[in-house]
Amino acid sequence: MADAGSMVTRLCWAAAALACSALPHLPRMPVWITVLTLAAFGWRLTAAVRRWPPLWRWLRMLLALIVFVGVYATYGTINGIEAGSALLMVMMDMKLLETSRKRDFQVLMFIAYFLVMAQLLFEPAMWTLAYMAVSVWLTTVALMQVVREERPLPVATATRLVARMVGLAMPVMLLMFLLFPRVPGPFWSMPTRGGAASTGLDDEMSPGSINALSLSDDVAFRVTFEGPVPPPRQRYWRGPVLHQFDGATWREAGRMPMWRSVTEPRGPEIRYRIILEPHDRPWLLALDFPQSWTGVRAFMTFDYKLVARRPVDQLTAYDVISYPEAVIDPEISDWIRSWSLQLPEGRNPQTVDLGRQLRRDYAADRDLVTAALRRFTEQEYVYTLRPRALIGAHPVDEFLFETRRGFCEHYASAFTVLMRAAGIPARVVTGYQGGHLNPISNRLTVRQSDAHAWAEVWLTGEGWVRVDPTAAVAPNRIELGLADAVPASDAAPGSILRRVALLQRLQISWDAIDSAWNEWVLGYGPDRQIALLRSMGVGDPDWRSLTAAMAIGLGIILVGLTAWLAWRYRPPTPDELLRLYRRFTDRLARQGVRREPWEGPQDFSSRAAGLLPAHAGAIRRITTGYVRLRYGPESDPRELDRIRGLLRSFRP
Amino acid sequence: MQGKIALPEDSAGVAEQTRHLDAAISALNEIILGKTVQVRLCVACMLAQGHLLIEDIPGVGKTTLAHALARILGLSYQRIQFTSDLLPADITGVSVYDRDQNRFRFHRGPIFSNLVLADEVNRATPKTQSALLEAMEEGQVTADGETHPLPQPFFVVATQNPTYQIGTFPLPESQLDRFLMRIRLGYPGPAMERVLLKGDDRRAMLAVANPAITPDLIDRLQSRVPGIFTSDALLDYLQAIVRHTREETDYESGLSPRAAISLLRASQAWAMLHHRNAVLPEDVQAVLPAVVGHRLRSRQDGSVTDPDRVARTLLEAVPIP
């Protein structure tokens with residue numbers, strides 16, 4: 001490590017690996033860490049080129065203390081994954097400043113591995129894995145280069161070596177992934193991302209809030225049905241149920257007691273499994289009306305919403321049985337009735353008047369509901385992604401009588417207000433509607449753009465009945481999805497994609513891969529592990545049997561690998577060497593450079609190298625290898641591989 | 001072409017020692033102009049503990065070569081001019097009665113030197129020749145029942161005029177076998193001859209030349225020669241050559257086992273000169289003309305033919321296995 005040139009080469013390798021591992025972290029971190037990192041890289045490389053002495057020890061100590069305090073000041077803690085990875089990053093910068101010996105380089109490369117792993121805590125998606133694979137490869141190559149005493153390996157050789165190393169490690173990794181004992185509970189879950197915003201439904205709704213979601217193509221959840229997939233018009237995924245209205249915004253019934261409902265099974269059942277993306281809120285989505293659920297600790301509120309014990313901050317899978325024809329709440333208590341008739345004083349007077357007018361015209365609740373819906377179909381109402389902004393104090397009036405252009409939340413909100421004014425208990429239900437069925441995986445993908453709002457009215461003898469005013473205005477929204485329901489001028493997500501068949505097929509395939517990744521890799525928890533072992537005939541696997549199985553498996557893999565390597569690197573048989581050499585001379589003979597039978601290998605090599613100067617290097621190297629093995633005292637088994645490798649690319 | 005087989009790490013000392021050999025060879029080449037191959041063969045012959053026969057017409061530098069060898073290799077040197085009246089005792093030494101001590105005392109002859117130049121060995125009678133050859137073979141001189149060991153290293157360079165000159169007793173084939181190598185010097189090339197004509201007197205240069213190596217080191221190098229690695233593949237090749245001379249009808253008689261050993265030793269010495277720790281087929285080929293030229297007789301003309309041509313024919317007849 002003495003000369004400056006090799007130091008610069010080593011540093012460049014290390015810097016490349018570190019940059020690759022650190023890059024995805026930088027956007028998350030405060031700017032000063034990025035600046036510090038660039039400065040540390042710049043100083044160290046310049047120092048190596050200019051042969052500056054290392055920084056004074058006390059200065060390095062002081063710097064380390066400053067950045068430590070800096071991290072603490074920025075995050076208010078040094079715990080958690082945000083602050084922890086920031087700390088890792090600044091410590092990497094500090095280590096870089098003093099890196100000169102082999103051991104320092106090793107430490108640096110291990111920091112790079114840690115940074116790669118930390119990335120997985122933030123974004124456990126598949127593209128992250130692909131990027132990680134590149135980072136790990138680069139870091140391993142760099143690690144190999146920086147600890148070498150001799151000059152660095154050619155990149156192609158190093159790449160091949162690392163590929164082989166990773167390949168050999170792969171079975172061990174797979175086995176440990178499958179068998180490492182997993183314990184249910186928070187121990188395995190990721191630390192929560194404090195305050196990190198994620199898209200999804202809110203527990204309140206005002207004009208434009210769902211509209212905003214409609215632009216997001218993020219996946220909300222995926223569903224696998226046990227039986228046939230229900231048609232789109234039955235696919236109402238129930239989320240927060242909103243009772244409280246202040247004239248513009250709908251909110252959940254905040255002070256409602258924790259009273260739980262029970263769905264009485266009626267009609268056909270639908271069994272399905274939902275894999276829910278984390279949204280940092282406690283509610284779970286389910287088809288109307290969930291009767292039982294497993295796989296997650298949750299309860300059902302009085303308005304038939306599933307709520308988990310903890311916010312959904314990681315990918316969560318659960319199984320639900322729903323009865324779409326169930327009758328819920330044939331009787332309601334007075335306080336639910338009063339909650340469901342609540343209207344703010346003096347807001348939206350025109351709408352309230354219209355509701356009272358309807359009441360006067362229709363005695364039967366059923367007829368009243370139909371009449372209200374008819375208003376949306378018979379008059380000029382437009383379903384659009386770009387409704388005009390409602391800025392007045394009476395947004396419902398404004399929508400219903402003036403703009404007449406709205407998204408689902410406008411219709412649901414207006415309809416519910418109408419019903420309440422007419423004296424029919426009503427509420428807004430938010431959630432998702434529809435979803436896209438992937439023909440490859442036969443799995444339903446529901447995206448944020450499928451977010452929807454509809455209404456529920458309580459009718460005597462029938463209980464709560466779902467009424468979707470949007471379906472009256474734009475039936476296509478329910479049957480076909482958002483992109484087909486809005487006018488072509490409105491850009492809905494995926495609308496361009498949907499028109500190009502190939503792109504669409506690609507999207508479908510990617511979706512299938514992504515959901516398989518979610519289910520089988522990220523969602524591989526204790527229950528799946530146990531199920532897998534059961535299917536392999538292990539009766540009741542506990543952590544002891546898992547550990548034993550893992551140890552035995554590892555033993556088998558290691559013994560197998562050792563045997564294979566021993567076979568691979570066995571001393572070469574002379575026949576094989578001669579065969580390789582003959583192949584070499586045959587190839588040269590085809591170029592007119594024929595070896596005389598009595599011609600010594602070195603004489604032939606220099607003659608051939610003279611005749612084919614372009615291949616002189618390869619000819620010499622192959623000959624040297626051959627001569628060493630055939631006439632030399634020590635037989636290095638790798639030499640034969642080297643010859644084989646050289647010969648593979650030797651095409652004179 | 002330099003062999004690129006690295007010496008094993010534990011023989012770093014050998015690498016150091018062979019560097020001295022390089023120095024010696026380049027010093028020799030400064031004196032003996034344009035004869036690099038012959039000079040190398042001479043040194044290889046000495047390393048293999050063999051003896052050298054130089055056969056050529058007078059005046060091409062045979063004596064100068066021998067003298068230069070002794071000088072540069074730092075060996076004690078004796079020249080014995082062979083004549084028809086030279087007696088064996090003139091070579092080995094005589095026992096003289098010492099009257100004071102009342103007994104015979106052995107007076108060592110000129111053969112008690114590291115390097116003995118036996119000049120024009122074919123001018124002496126066969127009896128005298130035999131005395132020399134016996135000493136060469138046994139490394140010792142026996143006189144009056146007493147054995148006197150010759151100094152180590154011991155290296156005989158014999159010169160011989162081509163047989164057609166008058167008044168000579170050419171060495172019989174059986175005696176030729178005692179020499180590890182026979183080389184010819186030949187005329188120098190025109191360019192080299194010009195340098196020779198313009199340059200200093202070679203003898204004057206010899207007088208001021210410094211040894212590049214010590215007898216002690218030569219001794220150590222000699223003992224290392226048999227340790228140069230020979231793989232089975234190489235021995236296959238060497239045996240194939242020997243077998244060929246025995247089985248083919250072109251030769252009056254094949255190579256003897258002694259010739260085979262000589263070929264091996266010479267090849268090992270040649271490999272050592274090229275800083276290799278293993279013998280290659282090329283080493284065998286390089287020393288083959290000098291080692292077998294005087295041992296093989298072509299059946300066609302019945303005479304000892306041009307060694308290069310004999311060796312060439314032999315080489316091209318035996319494929320390297």
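In this predicted model, chain A contains an open sheet of three strands, arranged in the order β6-β10-β9 with antiparallel pairing. The edge positions are taken by β6(A), residues 283-284, and β9(A), residues 298-300, each of which pairs on one side only. Between β9(A) and β10(A), the latter spanning residues 306-308, there are three bridges, and these two strands run antiparallel. Within this pairing, A:A298 has A:A308 of β10(A) as its bridge partner.

The axes of α10(A), residues 349-361, and α11(A), residues 365-378, come within 9 Å and cross at roughly 130 degrees. The crossing in which α10(A) passes α11(A) is right-handed. On the side of α10(A) the contact is made by A:L358, A:R359 and A:D361, while α11(A) contributes A:L368, A:A371 and A:A372. By residue class, this contact between α10(A) and α11(A) comprises four nonpolar and two charged residues, with no polar residue among them.

Turning to chain B, its secondary structure consists of 13 helices and nine strands. The chain has 321 residues, of which 44% count as buried. Among the contacts in chain B that link residues at least 6 apart in sequence, 77% join residues at least 24 apart.

Where the two chains meet, 21 residues of chain B are in contact with 14 residues of chain A. The elements of chain B that give two or more residues to the side touching chain A are listed below.

| Element of chain B | Residue range |
|---|---|
| α10(B) | residues 232-247 |
| α12(B) | residues 281-292 |
| α13(B) | residues 307-317 |

Of these, α12(B) supplies the largest share of the side of chain B that touches chain A, namely three residues.

Terms used:
Residues numbered from 1 in each chain as written. Chains lettered and ligands numbered in written order. Predicted model: local features only at pLDDT ≥ 70, side-chain atom pairs only at ≥ 80, totals over all residues. Pairing = 2+ DSSP bridges. Helix = DSSP H or I, 4+ residues; strand = E, 2+ residues; numbered from the N terminus. Contact = placed C-beta atoms within 7 Å. Axes fitted to C-alpha atoms, helices over the stretch in contact; angles between N-to-C directions. Left-handed = near helix turned anticlockwise from the far one by under 90°. Nonpolar A, V, L, I, M, F, W, Y, C, P; charged D, E, K, R; others polar. Buried ≥ 20, exposed ≤ 12 C-beta atoms within 10 Å, placed from the backbone.
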